[in-house]
Amino acid sequence: MFSENTIKQLANYKTPFYYYDLKVLHNTLDEVVKQSQKYNYHVHYAFKANSNKKIIELICNKGLGADCVSGNEVKHAIENGFASQKIVFAGVGKNDDEINYALSQNIFCFNCESIHELQIINELAGKQNKVASIALRINPNVDAHTHQYITTGLEENKFGINPYEFDTVINLIKQLSHIQLIGLHFHIGSQITDLVPFKNLCLKVKQINHYFLNKGFDLAVINVGGGVGINYKEPDKDSIIDFAAYFKVFNDFIELRPQQELHFELGRSIVAQCGSLISKVLYIKNGINTNFAILDAGMTELIRPALYQAFHKIENLTAQIHHLPINQKYDVVGPICESSDCFGKAVELPETKRGDIIAIRSAGAYGEVMSSRYNLRDETRSYYSE
Ligand code: LLP
């Protein structure tokens, strides 16, 4: 929800840009911390969702750890104040430089995705005379019922180690002296709005945890990843997700042993609702069925609609100030030379004119970080409200 003052202020900046409402982020973080602390859960922020400096600074100040998927993310986290002992490093294709850097920083844990990777980390740790802490990323074959591009926990996905490989892995780990298995890691997908897949994940984790105990591994860490979804349709109604219900599912169904820690890697649910992509209408063009509102922002600033057919609420802020009724439909498109450069079809809006300020909501996660300079576009800019 934008106040009239905010809208007037936004109108002064050169569009397009990301606008972050740090108050929303602040309140979201307070809720995450409050609800996770009820059970002593450890939350790592998934850097891939948004690594904007101001955002991660605030997240770091609230005491969260970091979940990184590249050497540069690990570096960025450390340089911005995250303790290396709160950093987990995942990814199916960590290269040698990235592994060496993370080893040199003594990070908390590598989330290891394949048998081959275990061998390489062992070899590189040996060269540094170190023992790397490892969690095995397990593919639990749990359906997240989300978009196919962001489902990660099915057998057909490239992520993690499959249960049929467990015995081989266990025999191998016993021989590798420069890695220590400290935990199990899972992540079934992203934008999961129903809690049932998380309950199913808990039941799988319970079995697998038991299996490893029977094989002699009393593991200290269980990491269940992230993935809890947000309300893209009504960002103001649910600007903070129900973290109490989310953490409660894990408490109810996972059955940890007394010494075991539960870790999470949350991205979208922390940063999505604090960010909007702000743009100006360049042209209105008459189409056959609906008119086009052509914006100065495109898929280069926010690729989610083009890539995943993702829905983002679109608002005409200028028309909101004038309390204009919503009585028109527009295909809201960007300036990029691709037909997929479309933010929404037949979007219901007030009458929209050149120069109107448009907000594309819930864009704080996987927005700015996925922007590109295709068509040699300007670098993406951002502003904040404190
Ligand atoms: N942990 C792992 C291992 C992950 O792969 C991810 C996200 C997360 C945690 C954080 O998930 P979250 O809480 O943000 O759902 N670009 C896509 C989303 C890709 C998610 C990739 N992995 C989008 O725009 O929807």
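Hello everyone. Let me start with contacts, meaning heavy atoms within 4.5 Å: among those in the protein chain between residues at least 6 apart in sequence, 72% join residues at least 24 apart.

Before going on, a word on what we are looking at. This is a predicted model, where local features need pLDDT of at least 70 and side-chain atom pairs count only at pLDDT 80 or more, while totals for chains, interfaces and linings use all residues. Residues are numbered from 1 along each chain as its sequence is written, and side-chain values use heavy atoms, with hydrogens and water left out.

Now the overall build. The chain has 12 helices and 16 strands, taken as DSSP runs numbered from the N terminus (helices H or I with at least four residues, strands E with at least two). Its radius of gyration is 22 Å, close to the 21 Å of the globule rule for 386 residues, so the chain is as compact as a globular protein of that length. That radius is taken over C-alpha atoms, and the rule is 2.2 Å times the number of residues to the power 0.38. Along the principal axes, the C-alpha trace spans about 70 × 40 × 40 Å. Of the 386 residues, 54% are buried (under 20% relative accessible area, with exposed over 50% and partly exposed in between, using a 1.4 Å probe and protein chains only).

On to the domains. The assignment, whose bounds come from an automatic or database source, gives domain 1 as 4–16 + 273–385 and domain 2 as 23–272. Their centres, taken over C-alpha atoms, are separated by 33 Å. Across the boundary, 22 residues of domain 1 are in contact with 25 residues of domain 2.

What lies between them? By nonpolar core I mean a set of buried Ala, Val, Leu, Ile, Met, Phe, Trp, Tyr and Cys residues joined through side-chain atoms within 4.5 Å. This one is the largest, with 99 residues, and F110, L118, L136, F212, F250, F264 and I270 touch the most other members. Apart from it lies another core, of 10 residues, including I7, Y19, I357 and A359.

Leaving out residues up to four places away in sequence, I270 touches L25, T28, L29, V32, Y45, I59 and L64.

Several of those names bring us to helix α2. The buried residues of α2 include L25, T28, L29 and V32. Its 16 residues, 22–37, should span 22 Å at 1.5 Å a residue, and the end C-alpha atoms are 22 Å apart, which agrees; the expected span is 1.5 Å times one less than the number of residues. Among the elements covering the buried residues of α2 are β1 (17–21), β2 (42–46), α3 (53–61), α9 (243–253) and β16 (381–385).

Helix α9 also holds Y246. Is Y246 buried or exposed? With 1% relative accessibility, Y246 counts as buried. Beyond four places in sequence, Y246 touches L195, F198, G225, G226, V228, F264 and L266.

Finally, V347 in strand β14, residues 342–349. V347 is buried too, at 13% relative accessible area. Setting aside neighbours within four places in sequence, V347 is in contact with I314, Q328, K329, Y330 and V332. The C-alpha atoms of V347 and N5 lie 342 residues apart along the chain and are separated by 25 Å.
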